[in-house]
Amino acid sequence: MSNEEVIKVLIVDDIAETRENIRKLLQFEADFEIVGAARNGYEGIELAKDLEPDVILMDINMPDIDGITATETIRQEVPHSQIVILTVQADPNYMRRAMLAGARDFLTKPPSVDEMIGAIRRAGELAHEEREKTKNVYSVKPGNGSMPVGTLKDGKIISVFSPKGGVGKTTIAVNLAVALHRKETPVVLVDGNMEFGDVMVFLNKQAKNSIVDLAPRADELDQDVIEEVTMLHQESGIKVLAAPSRPEFAESVNGDQFAQVLDFLRNFYSYVIVDCSSSLTDVTLSTIDTSDLIMLLTTQEIPAIKDSRLFLDLLQPLKINRERLLFVMNKYDKRVAIKPEKVSENFKQELKVVIPFEEKVVLPAINRGVPFMLGEKSKSITRSFISLTEEIRKRLSAPDKKTAVEVPEKVSVAG
Ligand SMILES: Nc1ncnc2c1ncn2[C@@H]1O[C@H](COP(=O)(O)OP(=O)(O)O)[C@@H](O)[C@H]1O
Ligand SMILES: [Mg+2]
């Protein structure tokens with residue numbers, strides 16, 4: 001891949017001293033090239049368009065237009081450029097707005113050298129991949145409705161699964177959808193739990209239609225039908241396809257129909273995220289079968305680990321390649337003796353993303369029906385979601401990557 005490529009960096013900050021300090025900090029990185037420095041938001045936008053940097057270090061508070069507005073414009077004008085925001089303090093409100101504007105990462109001023117270099121390198125790699133992708137892939141034409149017009153053709157299906165209930169599938173599916181959604185990479189979230197789907201509750205919405213309306217027409221779907229049946233979640237911009245409203249309707253959707261619907265959604269959305277049921281129903285099996293990426297969730301609890309083990313053992317008979325798996329630990333508590341590294345080693349399955357236990361953030365968000373990636377923020381859980389989306393974008397942007405099962409390397413806990 002393009003790892004050895006030079007990372008072009010643009011600095012946007014109204015204070016000359018800050019620009020100079022950043023320059024000095026970065027000058028020893030052989031693969032970094034400072035291509036320019038802008039003194040305000042307007043200049044930042046102009047330079048971004050001219051220089052097409054890979055990474056933009058963006059101040060928030062600037063005299064004319066602020067860094068968030070500049071971020072929004074740059075994301076549209078130079079989509080592959082990745083923006084790292086520099087804030088004076090980690091204000092959750094700023095972070096949320098910056099995130100919605102399309103920023104990739106946040107650093108608190110003054111950042112440590114390692115922090116800054118790490119963030120730039122991650123963003124730089126992503127920029128190189130995005131640049132590659134836009135060379136030969138689709139473009140979404142803006143439509144008049146909330147649904148993207150034109151076809152993406154190869155949107156990716158990501159299923160969030162765990163054989164154990166209560167490990168956080170719905171929590172993660174909902175917040176991942178919000179975190180991945182961008183204008184240029186739209187997301188649809190599908191409730192894959194036919195009996196007790198609760199995605200709509202997590203979003204505090206009531207669905208008028210559901211998968212039940214699509215299943216009988218799975219052979220003859222068109223864009224209008226999809227538009228009618230899915231619901232826009234205004235606050236985040238994602239679209240949502242609800243589960244049947246009552247458990248007894250579950251039987252009216254079979255696995256083939258469900259997979260056909262998912263496949264059709266690929267045409268319009270970059271990411272189709274499915275919140276699966278824990279039981280291996282016909283619908284769950286079809287979902288897993290048709291997924292580009294299967295997120296297998298576990299926690300530090302023995303029953304969850306045991307069930308994950310049983311599921312991993314099932315992969316071979318089900319003919320599911322481990323390469324499609326993304327093993328994630330949720331509710332991580334460092335006080336618990338069962339360490340992610342050990343689980344990973346034991347399962348011979350790389351465990352790259354660990355999401356911390358953050359009851360104070362997660363519970364109120366669920367009860368209010370506002371995904372925490374939109375609202376209340378805790379630095380560590382938010383950062384873990386940024387790592388998660390980065391990992392997913394990386395995994396899914398390499399179409400014929402033939403990664404063998406890797407020996408677990410470093411497990412990183414964001415935060
Ligand atoms: N990272 C986390 N930290 C704290 N609590 C969490 C976390 N993830 C999930 N939870 C809690 O776990 C419970 C189950 O989550 P849910 O998403 O409904 O799981 P599932 O869909 O797998 O059944 C919820 O009460 C939620 O608040
Ligand atoms: Mg659930």
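## Ligand 1 and its surroundings

A polar backbone atom of Pro356 lies 2.9 Å from a nitrogen atom of ligand 1. The model is predicted. Taken alone, ligand 1 exposes 560 Å², and the protein buries 82% of that.

**Shell around ligand 1**

- Ligand 1 is surrounded by 18 residues, and the closest are Gly166, Lys169, Thr170, Thr171 and Lys331.
- By class, the residues of this shell divide into 8 nonpolar, 6 polar and 4 charged.
- Two or more residues of the shell come from each of helix 6 (169–180), strand 12 (325–332) and helix 14 (359–368).
- Helix 14 gives the most, with 4 residues.

**Polar contacts of ligand 1**

- On the oxygen side of the list, a polar side-chain atom of Thr170 is 2.9 Å from an oxygen atom of ligand 1.
- Glu358 places a backbone N or O atom 2.9 Å from a nitrogen atom of ligand 1.
- For Pro356, too, the atom that lies 2.9 Å from a ligand nitrogen belongs to the backbone.

**Strands 12 and 13**

- Strand 12 and strand 13 run parallel and are joined by 4 bridges.
- Within this pairing, Met329 has Val354 in strand 13 as its bridge partner.
- Strand 13 spans residues 351–356 and is mostly covered, with 5 of its 6 residues buried.
- Helix 13 (residues 340–347) forms a right-handed β-α-β unit together with strand 12 and strand 13.
- Strand 12 is also one of the elements that give two or more residues to the shell around ligand 1.

**Strands 1 and 2**

- Strand 1 (residues 7–12) pairs with strand 2 (residues 32–38) in the parallel sense, over 6 bridges.
- Opposite Val12 stands Ala38 of strand 2.
- A right-handed β-α-β unit is made here by strand 1, helix 1 (residues 16–26) and strand 2.

**Ser277**

- Ser277 sits in the loop between strand 10 (271–276) and helix 11 (282–290).
- Ser277 counts as buried because its relative accessibility is 7%, and buried means under 20%.
- The side chain of Ser277 reaches the backbone nitrogen of Ser279 at 3.1 Å.

Conventions: Residues numbered from 1 in each chain as written. Chains lettered and ligands numbered in written order. Predicted model: local features only at pLDDT ≥ 70, side-chain atom pairs only at ≥ 80, totals over all residues. Heavy atoms only, no water. Pairing = 2+ DSSP bridges. Right-handed = clockwise from strand over helix to strand, strands pointing away. Near = heavy atom within 4 Å. Polar contact = N/O pair within 3.5 Å; in protein donor to acceptor, adjacent residues only side chain to side chain. Areas by Shrake-Rupley, 256 points an atom, 1.4 Å probe, with all protein chains shown as cover. Nonpolar A, V, L, I, M, F, W, Y, C, P; charged D, E, K, R; others polar. Buried < 20%, exposed > 50% of the residue type's maximum accessible area, 1.4 Å probe, protein only.
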